[in-house]
Amino acid sequence: MAHSVRRDAPELPDFSLLKRLARDQLIFLLEQLPGMKDLFIESDLMSPLDRIANVTTLKEHEVDKLYKVEYKSIVSTSDQLCFLIRPRIKTVKWICDVVNADKAIGKFRRYKVIFCPQKFYACENLLEEQGVIGDLTTDEWSFYLLPLDDDIISLELPEFFRDNFLEGDQRWVRTAGSALHLLHTLYGPFSKVYGIGRCSKMAYESWREQVKEGEQRPRQADIGNVFLIDRDVDLVTPLCSQVVYEGLVDDIFRIKCGCVEFGPDVTSSDKSIKVMLNSQDKVFNEIRNEHFSQVFGFLSQKARNLQTAYDTRSGMDIQQMKTFVSEKLKGLKQEHRLLSLHIGASESMMKKKTKQDFQDMLKTEHSLLEGFEIRECISYIEEHINRQASMLESMRLLCLLSLTENGLLPKDYRSLKAQYLQSYGVDHLLTFSNLKQLGLLVEQQPGETLTVMESRVGKLVNDKTAGKLTDAFSSLAKKSNFRALSKRLNLVPKSDEEYDLRVPRDMAYIFSGAYVPLSCKLIEQALERDGWTGLEEVTRMINGQEFVVTGSNGSDTRVKSDAQQIILVMFLGGCTYSEISALRFLGREKGYKFVVVTTAITNSARLLESMLDRHA
């Protein structure tokens with residue numbers, strides 16, 4: 001069941017050092033405000049903070065009470081207030097209001113604002129405008145990287161995708177460069193850097209500037225090669241339904257900072273349980289990368305094996321029983337608890353994902369990826385919208401249709417847009433503008449010849465047949481980049497033979513054998529070719545601004561031999577658990593170990609939520 005690891009695969013570096021550095025710096029910053037203090041934490045920093053320094057650690061360093069930033073009057077009576085926040089105008093304005101409210105009633109307190117991971121000029125400028133810059137001190141908690149597992153590191157910046165790719169706000173690029181610089185300092189130097197995408201190029205340049213500014217100490221590297229990739233290079237993959245176990249858990253239960261909360265439907269009790277999902281969970285580690293259809297059989301076999309282990313107690317003498325209790329019982333009980341939770345989670349997911357609706361949706365997705373029966377797919381999407389099924393699911397299917405067909409025909413675009421706004425509300429009109437601006441949902445601009453042909457065909461045959469012919473003429477008139485990329489890179493395996501999900505033959509298994517993620521295929525091809533030579537046509541279609549840079553300062557001469565097999569992949573704009581599973585598979589096949597660094601873990605729901613009009 002579980003994939004075997006190649007013997008020649010190297011050991012990964014110990015990334016727990018990143019946690020220790022972050023904790024030590026936070027403690028140092030808190031101690032700069034001596035005495036008891038209350039700490040206000042921005043909501044999206046609470047989970048990452050809990051992974052770095054728990055409540056006990058904070059209490060040990062004179063934090064009295066913890067509050068969540070809620071943008072209203074505070075109830076704290078402490079004489080010292082510390083604010084741990086993201087560099088956001090809204091939050092800084094609220095802090096200014098708190099300080100000014102205290103000044104208005106003559107209350108004296110000491111205030112410290114800690115920006116994470118860095119402060120921006122706009123925030124300091126606002127403090128000055130509001131007249132509070134002299135009443136508080138500011139600092140930065142350079143918390144760039146949170147290790148979520150042995151091979152997953154996150155910047156925990158979900159806003160990166162919208163800010164950079166939609167709004168053109170490049171303020172987080174230097175943060176990404178600083179994260180790369182930290183990894184380079186601790187685990188580098190890197191022997192080669194591959195990159196594709198405009199943001200990747202800027203992050204690389206930011207990192208190189210920081211390398212030049214700092215002092216370089218020669219050392220042996222733990223990581224050989226680095227790959228930087230922009231999320232907008234491949235927007236199809238995060239819009240596909242995830243069917244590997246870890247991806248499904250994220251889609252249904254939402255994994256947050258490597259933790260998931262299983263409700264009563266999973267725990268079979270009236271309580272919810274928080275579970276850490278990582279390689280330390282032996283049951284989860286064996287099923288996380290598996291296609292969901294294979295998981296339940298594995299868990300059933302695991303349960304039988306566990307029962308057999310318990311049954312060995314019968315017939316034991318006193319000494320054997322003593323040994324069993326001291327050496328094995330605790331481990332068996334822990335495994336039993338985890339197994340029960342994952343069986344419960346699997347049952348809960350099966351109830352939702354084996355329904356006919358889900359099967360029809362997968363069939364529609366696969367047809368879109370293959371370019372077959374497009375009119376039937378459009379009919380299914382229309383039905384989904386008109387039934388007022390999940391708003392985000394309808395939007396996801398529309399975007400997948402647009403991306404795979406290189407835009408919608410004008411009549412389809414207008415019709416589907418009108419139906420969507422009627423079903424889910426006209427307040428999503430600006431959301432459509434956002435999707436268009438990013439290229440997720442666009443209208444084709446067909447030529448006059450095509451329009452004439454379409455009208456003639458429409459007079460001769462019925463609407464359904466005309467629709468199919470229109471699709472065919474459209475594909476001739478304006479060839480889809482996705483279709484061309486798919487053919488060039490063989491992203492959609494031929495469906496003339498059955499795909500055995502028990503023995504995956506390529507990365508397509510993560511989507512039931514229907515599609516190899518473009519992002520992972522690009523990484524595989526660039527590594528095989530040691531660059532972009534031979535992929536010029538592909539990179540031109542992506543408009544990727546690709547680059548390859550060999551290590552400078554003689555760094556490549558000091559790289560450990562096994563470090564060359566460790567490849568750090570940084571996704572700028574987020575990556576999915578499905579892509580991580582695909583890279584793990586590729587690593588096992590090629591003898592690599594991939595370390596995934598991402599601005600955030602994403603999926604279709606999170607990506608599309610970031611596209612919603614903020615006033616909707």
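**Note on charged pairs and one buried serine**

1. Asp149, Asp151, Glu246, Arg288 and Arg584 are linked in a network of salt bridges, a salt bridge being a side-chain nitrogen of Lys or Arg within 4 Å of a carboxyl oxygen of Asp or Glu. The structure holds 32 salt bridges, and three further pairs are taken up below.

2. On the basis of these remarks: this is a predicted model, in which local features need pLDDT of at least 70 and side-chain atom pairs count only at pLDDT 80 or more, whereas totals for chains, interfaces and linings use all residues. Residues are numbered from 1 along each chain as its sequence is written, and side-chain values use heavy atoms, with hydrogens and water left out.

3. Within helix α4 (residues 89-104), Lys93 and Asp97 lie 4 residues apart, about one turn of the helix; helices here are DSSP runs of H or I with at least four residues, numbered from the N terminus. Their side chains meet in a salt bridge, with 3.0 Å from N to O.

4. The salt bridge between the side chains of Arg606 and Asp250 has an N to O distance of 2.7 Å. Because Arg606 belongs to helix α25 (residues 604-609) and Asp250 to helix α9 (residues 245-253), this pair ties together parts that are 356 residues apart in sequence. Arg606 is buried, with a relative accessible area of 19%, and Asp250 counts as buried at 0% relative accessibility.

5. Ser578 lies in helix α24 (residues 577-590), and its relative accessible area of 0% makes this serine buried. A polar contact of 2.8 Å joins the side chains of Ser578 and Gln242; the term denotes a pair of N or O atoms within 3.5 Å, where within protein one must be able to donate a hydrogen and the other to accept it, and residues adjacent in sequence count only if both atoms are side-chain atoms. Leaving aside residues up to four places away in sequence, Ser578 touches Gln242, Val244, Ile510 and Phe511, contact meaning heavy atoms within 4.5 Å.

Notes: Helices (H or I, at least four residues) and strands (E, at least two) are DSSP runs, numbered from the N terminus. Buried means under 20% relative accessible area, exposed over 50%, partly exposed in between (1.4 Å probe, protein chains only).
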